[in-house]
Amino acid sequence: MRFAPLALLLFALPIAAQTDSAPARGILIGTNDVGIGLGDVPRVTGVRLNFRDQALRRVVGLNATIWSPKNGADSLSQVSGIALGLPLTGAGDIEGLGLAIGGVSADNRLVGIAVGGLGVGAGGDVSGLAVGGLGVGAGGDVTGITMGGLGVGAGDDLLGISVGGLGVGSGGDVRGITFGGLGVGAGGDVQGIAFGGLGVGGGGNAQGLLVGGLGAGVGGDFQGVGVGGVGVGVGGKAEGLFLGGVGVGTASLRGIAVGGLGVGSSDAQGLLVAGGTIQVPSDGILQGIAISPYTNVRGEMRGLSIGIVNIAGSLQGVQIGLLNWAGNNRGWARLLPIANAHF
């Protein structure tokens, strides 16, 4: 009876060697790839224990390792179930639960729940719940709920709820609810709610609520609410409510814009309020209500302008202020105190 364990191991060794063409320096306690694998057993359904993987193909069940795969994870390797790292673990694809004191990594995809004391990363997509002590990163899309102590980053799109201690960034679109301690940035569109301690920015279009401690900026069009401690800037059309501690600037505005010092737009319709000045260029137009100490519409003003000094290159409406200039009036009627008008 005392020779039974030795006999079992000798019996298991050739089974492990026959299961895959990859070099296997391990033993399988079981048969037909089912049982307990010790070392580099390529395929195991059950439990597999190894110091550092280099011949892994597929594990269904538990794969526990001490260190990350040698020479990086084999893109063909897969863990379906639990990938446990003490402190590191990794595979080509991880589906299920990835848990490590240090980090969890996937060469391709990481689907399910991944928690890494230092970080979680994938060369491809990350889907599900991912929590990294320092950060979470993916070369592809990040979908689901993601939290990184320092930050969260996606090479492509970022979809769902993301929280980064310092920042959250995406090379593609950001959609959902996003919080960045310092900032949130997207190379593409931003849709949903985004909060950045310093700023929020999108290279494409934006829809929803964007709040930046210093500023919020969008390269394309913006529909929704934009709030910036210093300012809000929109390269395209802005539709909605925009609040800038210092100022708001847009190429085109439809809605309400409030700037602590100034508001500027080439084509505005709605209500513009500024603590200092409202500026519209000579080829621009403002339709609606403008309230500011100094309103300088070098182009066309249609509506009501209220301030200390009101200037309109062409006026279709009413000006109320200390001095009011309407460039399309004749003679003495161009500059009037208290009020001016042209219809």
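**View 1. Strand β27 pairs with strand β28 in the parallel sense.** In this predicted model, eleven bridges hold together the pairing of β27, which covers residues 294-306, with β28, which covers residues 309-326.

View 2. One of the residues to look for is Gly321, which has Ile338 in β29 as its bridge partner.

**View 3. Leu210 is one of the residues with the most contacts inside the largest nonpolar core.** This core has 53 residues, and Leu110 and Leu286 are named together with Leu210 as those with the most contacts inside it. When residues up to four places away in sequence are not counted, Leu210 touches Val190, Ala194, Val200, Ala216, Val218, Phe222, Val225, Gly226 and Val227.

**View 4. Asp173 and Arg175 meet through their side chains in a salt bridge.** A search of the whole structure finds seven salt bridges, and in the one shown here the distance from N to O is 3.2 Å. Asp173 is buried, with a relative accessible area of 14%, whereas Arg175 is partly exposed, with a relative accessible area of 36%.

**View 5. A salt bridge joins the side chains of Asp267 and Arg254.** The distance in this pair is 3.0 Å, taken from N to O. Asp267 lies in strand β24 (residues 262-274) and Arg254 lies in strand β23 (residues 247-259), so the pair ties together parts that are 13 residues apart in sequence. Asp267 is partly exposed, with a relative accessible area of 23%, and for Arg254, which is partly exposed, the relative accessible area is 23%.

**View 6. Asp40, Arg48 and Asp53 belong to one network, into which they are joined by salt bridges that share partners.** Asp40 counts as buried because its relative accessibility is 6%, which is under the 20% cut-off for a buried residue. Arg48 likewise counts as buried, at 0% relative accessibility.

Methods: Residues are numbered from 1 along each chain as its sequence is written. This is a predicted model: local features need pLDDT of at least 70, side-chain atom pairs count only at pLDDT 80 or more; totals for chains, interfaces and linings use all residues. Side-chain values use heavy atoms; hydrogens and water are left out. A nonpolar core is a set of buried Ala, Val, Leu, Ile, Met, Phe, Trp, Tyr and Cys residues joined through side-chain atoms within 4.5 Å. Buried means under 20% relative accessible area, exposed over 50%, partly exposed in between (1.4 Å probe, protein chains only). Contact means heavy atoms within 4.5 Å. Two strands pair if DSSP finds at least two bridges between them. Helices (H or I, at least four residues) and strands (E, at least two) are DSSP runs, numbered from the N terminus. A salt bridge is a side-chain nitrogen of Lys or Arg within 4 Å of a carboxyl oxygen of Asp or Glu.
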